[in-house]
Amino acid sequence: MSFFKRRVQFNDDLGFGSAPVIKNQRVLNTDGTPNIERTGLPWFKFDDTYTRLVTMSWPRFFLVILIAYLIVNTLFAVAYNVIGIENLDGAKGITLRDQFFDAFFFSAQTISTVGYGHISPQGFITSVLAAFESMLGLLAFALATGLLYGRFSRPTSKVSFSKKMVIGPYQNQKGLMCRLVNLRRNALIDIEVQMIITFNEQVDGKLKRSFHPLDLERNKISVLSLNWTLVHPINEESPIFGKTLDELKAAEVEIFVILRAFDDTFAQTIHTRTSYQDDDIEFDAKFKIMHYHNEQGKTVMDYSLFDKIEKV
């Protein structure tokens with residue numbers, strides 16, 4: 001029998017399965033992605049290319065564009081050399097290396113439709129190849145521009161969660177708390193938050209993973225203007241009431257925080273989430289206050305205090 005207070009199971013298993021966690025592995029990473037290693041999938045899926053290009057990191061995106069640009073120009077440079085470098089009027093390379101680079105930079109000019117005029121195609125086959133490359137360049141750059149716009153216009157969340165959760169005083173009892181803040185200057189409206197705890201427990205003699213909701217002092221606010229400290233009152237109804245840090249570690253406790261809000265800049269609903277493990281919980285602590293009033297009476301937010309906690 002589990003030492004945690006039994007509560008109504010939350011949506012069965014929350015989509016993560018009921019297999020127990022071992023070796024203190026996260027169910028959900030701190031950036032909100034599932035901590036799952038996927039195998040058996042093909043290395044490349046054409047119908048998934050757009051999603052990967054839009055969601056990958058900026059450095060990786062520009063690296064992919066650069067590699068694709070170099071490969072295409074290299075292939076066309078080889079093709080021009082196979083046809084015959086003498087068919088590129090103005091190419092002055094004598095060695096194979098110089099001839100290759102003459103064709104390579106002619107390809108770069110053609111695919112981007114720049115055409116400096118220093119080198120021009122001669123002959124029917126070379127002209128056809130140059131025309132095809134020019135058409136391919138128009139399509140490729142249009143596609144790259146669309147991807148770039150899609151990455152910029154895609155609604156993303158800049159809500160940051162505190163690195164630690166704290167357990168500290170709250171209304172003559174204790175509360176489990178974490179803090180969040182919007183790093184953008186825009187407004188988030190109709191914010192709703194869920195806090196869910198998951199842990200290993202013995203059920204009918206078998207070890208399984210259970211998911212349970214944690215009641216919050218407040219799970220909705222109208223506008224997120226300052227920071228928001230989420231509080232789960234640790235009363236007799238709480239599944240972690242009276243539990244020590246060692247008991248939390250033994251049960252491989254993990255706590256999810258899932259946020260949904262309306263972004264008035266993008267006019268779309270955004271989602272973000274994070275998770276905390278037992279090592280991320282500080283006992284007998286509280287967050288330092290982030291905001292204060294200056295001499296003119298205006299409210300000031302000091303983001304450098306966002307993750308600052310103090311013992312109580």
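Colleague: Why is Arg97 called exposed?

Modeller: The model is a predicted one. Arg97 has a relative accessible area of 58%, and exposed means over 50%, so Arg97 is exposed.

Colleague: What makes Arg97 and Asp98 a salt bridge?

Modeller: The closest N and O atoms of Arg97 and Asp98 are 3.6 Å apart. The cut-off is within 4 Å, so the pair is a salt bridge. By this rule the count comes to seven salt bridges.

Colleague: Why is Asp98 called partly exposed?

Modeller: Its relative accessible area is 31%.

Colleague: How do you know that the side chains of Lys311 and Glu282 meet in a salt bridge?

Modeller: The N to O distance is 3.4 Å, and the rule asks for within 4 Å. Lys311 belongs to strand S16 and Glu282 to strand S12, so the pair ties together parts that are 29 residues apart in sequence. Lys311, at 61% relative accessibility, is exposed, whereas Glu282, at 22%, is partly exposed.

Colleague: What makes Lys286 and Glu310 a salt bridge?

Modeller: Their side chains meet at 3.7 Å, N to O, again to be set against the cut-off of within 4 Å. This pair links distant parts of the chain, with Lys286 in strand S13 and Glu310 in strand S16, 24 residues apart. Lys286 is partly exposed at 37%, and Glu310 is partly exposed at 31%.

Note on methods. Residues numbered from 1 in each chain as written. Predicted model: local features only at pLDDT ≥ 70, side-chain atom pairs only at ≥ 80, totals over all residues. Heavy atoms only, no water. Buried < 20%, exposed > 50% of the residue type's maximum accessible area, 1.4 Å probe, protein only. Helix = DSSP H or I, 4+ residues; strand = E, 2+ residues; numbered from the N terminus.
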